[in-house]
Protein chains: 2
Amino acid sequence: MAAQKIFDKRNLTMMMDLYELTMANGYFEDHADNYVTFDVFYRKNPDNGGYAIFAGLEQVIEYIENMHFSEEDIEYLRSLNIFCDEFLEYLRNYHFKGDIFAFREGTIMYPNEPILTVHASLIDAQLVETAILAEINHQSLIATKASRIVRAAKGRAVSDFGARRAHNMDAAVYGARAAYIGGAVGTATVLAGQLFNIPLSGTMAHSWVMYQDDEYTAFKKFCEMYPDNSILLIDTYDVLESGLPNAIRCAKEVLEPMGKRLKGVRLDSGDLAYLTIKVRKALDEAGLNDCMIVASNSLDEYSINSIIEQGGQIDSFGVGERLITSKSDPVFGAVYKIVEVEKNGERIPKIKVSETVEKITNPGRKKVYRVYDEEGRAISDLLTKYDETVDTSRRYRYIDSKKPWKNMHYENYTVKELQQQVIKDGKRIMPTENLDDLRQYVKDQLDNEIWVSELRFDNPHVHYLDMSPSYYEMKMDLLYKSQKNED
Amino acid sequence: MAAQKIFDKRNLTMMMDLYELTMANGYFEDHADNYVTFDVFYRKNPDNGGYAIFAGLEQVIEYIENMHFSEEDIEYLRSLNIFCDEFLEYLRNYHFKGDIFAFREGTIMYPNEPILTVHASLIDAQLVETAILAEINHQSLIATKASRIVRAAKGRAVSDFGARRAHNMDAAVYGARAAYIGGAVGTATVLAGQLFNIPLSGTMAHSWVMYQDDEYTAFKKFCEMYPDNSILLIDTYDVLESGLPNAIRCAKEVLEPMGKRLKGVRLDSGDLAYLTIKVRKALDEAGLNDCMIVASNSLDEYSINSIIEQGGQIDSFGVGERLITSKSDPVFGAVYKIVEVEKNGERIPKIKVSETVEKITNPGRKKVYRVYDEEGRAISDLLTKYDETVDTSRRYRYIDSKKPWKNMHYENYTVKELQQQVIKDGKRIMPTENLDDLRQYVKDQLDNEIWVSELRFDNPHVHYLDMSPSYYEMKMDLLYKSQKNED
């Protein structure tokens with residue numbers, strides 16, 4: 001991945017909130033170098049969906065591995081007159097030395113479970129917060145949105161056309177990466193194709209048609225130049241009266257004499273359901289049954305679903321702004337919360353109590369298991385204490401945290417631990433994964449593991465997050481204690 | 001700006017849609033090196049507002065000045081088997097050689113006027129499209145959103161706290177830049193502060209409070225370390241029962257003996273209107289009238305407006321996800337359209353006719369003037385042909401394009417041309433502007449030039465975009481001709 005290294009030559013270490021440094025300096029001055037555990041989790045699936053897709057881990061690892069403060073960084077920080085000289089000296093040779101555990105990229109994930117866990121000294125754990133959240137929030141958002149759009153397209157191709165509306169360069173490039181993991185077949189963004197080996201797609205610009213003396217000439221020149229990639233943009237003047245007849249004429253008079261077929265036509269405006277039905281009919285009548293119809297223009301899972309319901313004849317969707325910004329829900333709200341502190345050899349679980357019940361955190365270092373039934377369907381996720389193991393040869397009593405009074409058991413089940421260690425003592429121990437493998441991993445889970453009722457766009461089934469009895473007991477203990485402290 | 005250069009060492013040239021290269025290769029093979037003119041414009045203000053703010057120009061210029069295809073880029077493009085060898089050779093020494101004209105960054109702008117114009121050879125003009133749109137769409141979006149939020153805050157400070165929810169690194173950093181231009185007082189993102197000399201702000205993390213043995217100890221240690229920057233986060237356990245009394249105690253027992261005052265308290269959850277009224281009262285009763293209240297948590301122009309209406313007592317807003325993603329309207333839809341082609345010494349204006357009237361483009365190379373009344377208020381913008389001048393010593397007949405039958409005149413008016421040349425023959429001729437100057441420029445326009453009725457959040461006045469009689473005639477001619485071609 002030589003190309004990727006060039007792209008990431010930037011020193012992004014300082015892409016952090018000021019308070020990460022203020023806290024770190026505070027811990028430094030306080031000689032507080034305890035090990036602590038922070039969990040990353042989120043509280044709500046985007047678009048009220050039934051699941052989300054974990055993405056961005058590769059870039060988290062790159063960020064952390066490359067963390068260092070340059071001389072210029074130190075001088076800038078000194079100029080703020082906030083930090084003590086010893087801390088600035090310490091930053092000069094700073095490297096992250098902690099451990100990181102995470103879901104595999106592409107894992108289907110659900111609210112309130114730790115998708116990534118940092119176990120490190122206070123300062124290490126503090127300094128990585130902002131970048132971890134920015135990478136995971138962005139790429140998980142786009143991977144999840146792509147997955148929704150791809151599912152709405154029901155087997156038809158979906159490509160990312162969003163670069164021009166992305167929130168700047170990284171959003172275009174890493175957004176294309178996330179969209180590919182989520183199921184898009186490719187991207188129009190050349191740099192993303194180059195960096196991540198994503199298939200590129202692209203057709204023709206309106207300006208090509210407008211520059212030429214007339215539409216037919218524009219089509220003719222394009223087909224002569226790209227006889228194997230002849231996708232013609234037919235909506236510059238009038239789809240049915242001008243673009244379509246000119247495209248058919250081009251297929252007959254330019255391509256067929258060369259022994260070539262018209263590959264496709266593209267529409268970028270108008271009533272896509274109505275127009276594509278007409279276009280399909282005319283193409284078929286002209287013997288161009290193999291000519292595909294590509295459509296773009298403000299598409300997302302909702303409009304694609306509607307177009308298909310109306311009988312729209314589209315083979316391939318180019319999806320731009322509503323994918324690359326996740327327009328209908330553009331914020332993925334993963335947070336980073338302290339769950340355990342180690343003091344004098346003791347591990348002290350921490351809980352954040354809140355007025356809002358949903359904001360109470362799951363305390364302590366923990367394990368997350370996905371629990372499968374006999375057919376391999378994921379029936380729930382399970383939180384246990386870090387030192388617990390699950391013996392799948394026996395039925396397992398768990399707590400449904402919403403109905404803790406019920407006597408619940410798993411029977412005939414298997415489990416998979418969802419977190420793997422990816423950084424050990426500051427060094428990557430997980431190789432860079434192939435993007436096609438991650439994309440296939442997402443597809444396999446959606447096709448084979450996840451309950452169909454979680455895939456519904458409206459009111460999906462809420463995936464269960466169960467707890468082991470001893471984990472639940474520990475959490476309740478902390479809640480009662482916090483209540484006593486208040487009284 | 002040495003630091004900035006380090007950050008931008010990346011070769012971003014390939015951040016373009018594939019079709020830019022396909023078109024360019026087509027023009028190359030066709031020996032088409034005519035000069036053409038493309039306009040950048042948008043069709044709708046974000047959030048149904050009355051205006052938008054132009055931002056991102058500096059990064060457009062940087063991208064264009066640095067455009068070059070590396071050996072690796074060429075080899076990647078060759079591997080796609082789309083481009084002819086001669087074109088790939090041509091790219092090896094490619095540099096943009098055209099001219100670019102643009103509004104000054106920070107200019108208040110309105111739909112359908114050319115905010116940036118590229119006058120260049122076909123290939124040059126094609127290759128810069130994606131990056132120009134991505135930079136302008138992103139930064140204009142965030143500058144506009146910031147401006148709305150700052151206006152809702154009615155003089156109270158607004159800081160960008162959004163990095164962790166931004167659409168990746170660039171979105172955080174350039175978003176902070178745009179937010180500052182739009183009126184934010186600062187950012188929490190250290191890298192943005194460093195690169196663009198934006199004031200930094202930041203307070204305390206929940207984890208600081210949770211790590212320490214109790215809340216009072218956490219506050220005490222923080223005040224001892226940062227006696228001049230003592231902003232205490234009071235919502236970790238219970239604002240009114242715990243955080244607030246502990247903060248007041250800290251002011252009395254820790255800070256006052258040092259001769260220091262408690263600088264502020266911060267709330268990041270709960271009912272901000274209700275709680276801050278209580279907090280203000282308690283602080284005042286404790287003699288801490290000068291202690292400011294900072295609030296964050298899902299804020300935007302709508303929630304800030306509501307909090308202030310309810311009497312909420314907040315001095316400074318930390319605004320995160322809803323600013324950095326422009327959550328309520330996360331897409332700025334600027335487009336890039338060909339408006340003129342030069343052939344054999346003749347300038348041929350081009351128009352894109354569409355089924356949708358709003359999508360018909362304004363053809364031809366043109367000038368844009370802002371027209372001011374005697375008091376310096378901007379009463380409208382005016383499009384003229386490129387070779388027209390406006391003689392403000394005489395009354396001026398213009399066409400209201402929505403009511404072209406009316407006999408309309410400007411009297412006692414002044415005008416300002418809005419586009420300036422920023423790149424000439426591929427070289428920057430505009431110096432990098434100081435961000436504080438741009439921020440002041442935005443403020444001056446909002447305070448002194450723009451009609452108050454355009455600043456309304458609901459149903460703002462729609463700014464007029466007038467046309468000179470000869471410009472209007474040219475556009476109508478083209479529309480009638482396009483109609484004849486169709487019949």
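About 2,700 Å² is buried between domain 1 of chain A and domain 2 of chain A, with carbon and sulfur atoms giving 57% of that area. Three residues stand out on the domain 1 side: A:Ile142, A:Leu435 and A:Phe457 supply 29% of the area that domain 1 of chain A buries against domain 2 of chain A, more than any other three residues. The model is predicted.

## Two domains in chain A

Side chains of opposite charge can pair when their charged atoms come close. The rule finds 4 salt bridges across the interface of domain 1 and domain 2 of chain A. A:Asp47 forms a salt bridge with A:Lys145, and the closest N and O atoms are 2.9 Å apart.

## Chain B against chain A

The size of an interface is often given as the accessible area lost when the parts come together. Chain B and chain A bury about 9,200 Å² between them. Carbon and sulfur atoms account for 60% of that area. Which residues of chain B lose the most area to chain A? They are B:Arg164, B:His167 and B:Tyr211, together 10% of what the chain B side buries.

The contact involves 109 residues of chain B and 109 residues of chain A. Across the interface of chain B and chain A, 46 residue pairs are in polar contact, with both residues at pLDDT 80 or more. The side of chain B that touches chain A has 57 nonpolar, 24 polar and 28 charged residues.

Salt bridges cross here too: the rule finds 12 between chain B and chain A. B:Asp30 forms a salt bridge with A:Lys221, the closest N and O atoms being 2.8 Å apart.

## A pair within one helix

Over all chains, the count comes to 78 salt bridges. One of chain A's pairs sits inside a helix. A:Glu285 forms a salt bridge with A:Lys281, with 3.3 Å between the closest N and O atoms. Both residues lie in helix 13 (residues 272-285) of chain A. A:Glu285 and A:Lys281 are 4 residues apart, about one turn of the helix.

## Annotated spans of chain A

UniProt, in an unreviewed entry, lists "domain: Nicotinate phosphoribosyltransferase N-terminal" at residues 14-137 of chain A. The unreviewed entry also gives "domain: Nicotinate/nicotinamide phosphoribosyltransferase" over residues 158-348 of chain A. The feature "domain: Nicotinate phosphoribosyltransferase C-terminal" is placed by UniProt (unreviewed entry) at residues 365-475 of chain A. The table gives the make-up of each span.

| Span of chain A | Helix | Strand | Distance between end C-alpha atoms |
|---|---|---|---|
| residues 14-137 | 44% helix | 18% strand | 18 Å |
| residues 158-348 | 43% helix | 17% strand | 48 Å |
| residues 365-475 | 20% helix | 35% strand | 11 Å |

Technical notes: Residues numbered from 1 in each chain as written. Chains lettered and ligands numbered in written order. Predicted model: local features only at pLDDT ≥ 70, side-chain atom pairs only at ≥ 80, totals over all residues. Heavy atoms only, no water. Buried area = accessible area lost by both parts, 1.4 Å probe. Salt bridge = Lys/Arg side-chain N within 4 Å of Asp/Glu carboxyl O. UniProt positions renumbered as here; feature names shortened; annotations may be inferred. Helix = DSSP H or I, 4+ residues; strand = E, 2+ residues; numbered from the N terminus. Contact = heavy atoms within 4.5 Å. Polar contact = N/O pair within 3.5 Å; in protein donor to acceptor, adjacent residues only side chain to side chain. Nonpolar A, V, L, I, M, F, W, Y, C, P; charged D, E, K, R; others polar.
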